[in-house]
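Please read this note with the model open beside you.

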Amino acid sequence: MADDISSFWGPVTSTKEWCELNYVRSSYIAEFFNTISNVPCIILALIGLVNALRQQFEKRFSVLHMSNIVLAIGSMIYHATLGQMQQQGDETPMVWEMLLYIYIIYSPDWHYKTTMPTFLFLYGVVFAILHSQIRFGIGFMLHYALLCLLCIPRTYKYYIHTEDRSAKQLAKLYVATLLVGAACWLCDRLFCKHISSWYFNPQGHALWHVLMGFNVYFANTFLMYCRAQQREWNPKIKHFLGFFPYVKIHKLKAQ
C-alpha cells in the first residue's frame with residue numbers, strides 16, 4: 001500500500017508491497033512492523049551460532065546461522081525502503097540459504113564430495129546474475145517453493161530415523177510454525193482489502209517473519225542433532241533459559 005507521505009528513501013520501486021501502511025511511524029521506515037519483526041530471527045540465529053561455535057560443530061552450521069542473520073538484515077532493509085534493488089537483496093539470499101540447506105541435508109549421502117557444493121555454488125551465482133537483471137515476480141515464488149520442496153524427502157527420512165522424543169518435537173515445531181506462518185502470509189496477501197478496513201491490522205506478514213525466525217531455528221537445531229547422531233557425538237536436546245532448545249554433544253577425544 002503506497003501512501004503520499006514524504007519519505008527519506010523516495011518513491012516505492014519494489015514489485016511487491018504488503019498489507020501495512022507505508023511511512024506511518026517514521027519517514028525512514030516504510031513498513032515499520034514488517035521491518036522490526038525480523039529482529040527475533042537475528043537473536044535466534046545468534047543463539048544458534050554461539051552454540052555451533054562453542055561446541056565446534058562443522059563450519060557448515062556456523063555458515064547456516066550466519067546466512068539466517070544476513071537474510072533477516074536484508075529483509076529489514078527491504079521493508080524499510082521498499083526499493084527494487086533492496087527487494088533483490090532480500091530475495092537472492094533467500095535462494096542462497098535454501099541451496100545451503102540442500103547441501104547440509106543431502107551431503108552426508110552424496111558420494112562425490114566436490115560436485116554438489118560446486119554445482120550449488122554455480123547455481124547460486126547464475127541465479128544472482130539473472131535476478132539482478134530480470135524481475136521474476138511469481139516465478140521467483142514458484143522457484144523458491146520448489147527449492148523448499150526438495151528438502152522434504154530427506155528431512156522426513158531424518159525424522160523417521162530419529163528416536164529421541166525431544167528431537168522429534170523440534171521437527172513437529174518446525175512444521176507447525178511453517179504452516180501457521182504460511183497461513184499468515186497468505187492472508188496478508190489475499191485478503192488485504194478486507195483487512196485494511198478493520199480497526200486493527202493483525203500484521204500477517206510481520207507474524208510470518210517472527211514465526212519463520214523460530215521455524216529456521218527449530219530446523220537448524222534438528223539438523224544439528226541429526227548430524228551429531230551421524231557423527232556419533234551422543235547428542236542431547238537441552239534448553240537455554242528453560243525455553244530455547246539447543247544440541248549438547250559429547251565428542252570422543254579421537255574426534
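1. Start with Cys148. Its sulfur lies 6.6 Å from the closest cysteine sulfur, that of Cys151, which is too far for a bond. A disulfide here is a pair of cysteine sulfur atoms within 2.5 Å. Cys148 has a relative accessible area of 28%, so it is partly exposed. For this term, buried means under 20% relative accessible area, exposed means over 50%, and partly exposed is what lies in between, using a 1.4 Å probe and protein chains only.

2. A word on the source. The model is predicted: local features need pLDDT of at least 70, side-chain atom pairs count only at pLDDT 80 or more, and totals for chains, interfaces and linings use all residues. Residues are numbered from 1 along each chain as its sequence is written, and side-chain values use heavy atoms, with hydrogens and water left out.

3. Cys41 is another cysteine to check. The closest cysteine sulfur to that of Cys41 belongs to Cys148 and is 14 Å away, too far for a bond. Cys41 has 12% relative accessibility and so counts as buried.

4. How many disulfides does a search of the whole structure find? The search finds 1. The disulfide is formed by Cys19 and Cys192, with their sulfur atoms 2.3 Å apart. Cys19 is in the segment before helix H1 (32-36) and Cys192 is in helix H9 (residues 192-196), so the pair ties together parts that are 173 residues apart in sequence. Helices are DSSP runs of H or I with at least four residues, strands are runs of E with at least two, and both are numbered from the N terminus. The link of Cys19 and Cys192 is right-handed, with 90° about the S-S bond. Both Cys19 and Cys192 are buried.

5. The UniProt record, an unreviewed entry, annotates "transmembrane region" at residues 32-51, 63-81, 120-152, 173-191 and 206-226. UniProt positions are given in the numbering used here, feature names are shortened, and annotations may be inferred rather than shown by experiment. Two of these spans can be described from the model. Residues 120-152 are 85% helix and 0% strand, with end C-alpha atoms 18 Å apart. Residues 173-191 are 95% helix and 0% strand, and the end C-alpha atoms of that span lie 26 Å apart.

6. Asn34 lies in helix H1. Is Asn34 buried or exposed? At 1% relative accessibility, Asn34 counts as buried. Leaving aside residues up to four places away in sequence, Asn34 touches Trp18, Glu20, His79, His205, Ala206 and His209. Contact means heavy atoms within 4.5 Å.

7. Thr177 is placed in helix H8 and is buried, with a relative accessible area of 10%. Which residues does Thr177 touch, not counting residues up to four places away in sequence? They are Leu211, Met212, Phe214, Asn215 and Phe218. Thr177 and Asn215 are 38 residues apart along the chain, and their C-alpha atoms are separated by 5.6 Å.

8. Val175 is also to be found in helix H8 (residues 165-190). Val175 is partly exposed, at 40% relative accessibility. From Val175 to Ala52 the C-alpha distance is 23 Å, and the two are 123 residues apart in sequence.

9. Helix H7 (residues 152-160) packs with helix H10 (residues 204-230) at an angle of about 65°, and their axes are 11 Å apart. Axes are lines fitted to C-alpha atoms, for helices over the stretch in contact, and angles run from 0 to 180 degrees between N-to-C directions. Arg154, Thr155, Tyr158 and Tyr159 in H7 meet Phe222, Leu223, Cys226 and Gln230 in H10. By class, this contact of H7 with H10 has 5 nonpolar, 2 polar and 1 charged residues. Ala, Val, Leu, Ile, Met, Phe, Trp, Tyr, Cys and Pro count as nonpolar, Asp, Glu, Lys and Arg as charged, and the others, Gly among them, as polar.

10. Two backbone angles deserve a look. Most residues other than glycine have a negative phi. Gln203, not a glycine, has a positive phi of about 55°; its place is in the loop between H9 and H10, and at 12% relative accessibility Gln203 counts as buried. Asn234 has a positive phi near 50° and is found in the loop between H10 and strand E1 (236-240). With a relative accessible area of 44%, Asn234 is partly exposed.
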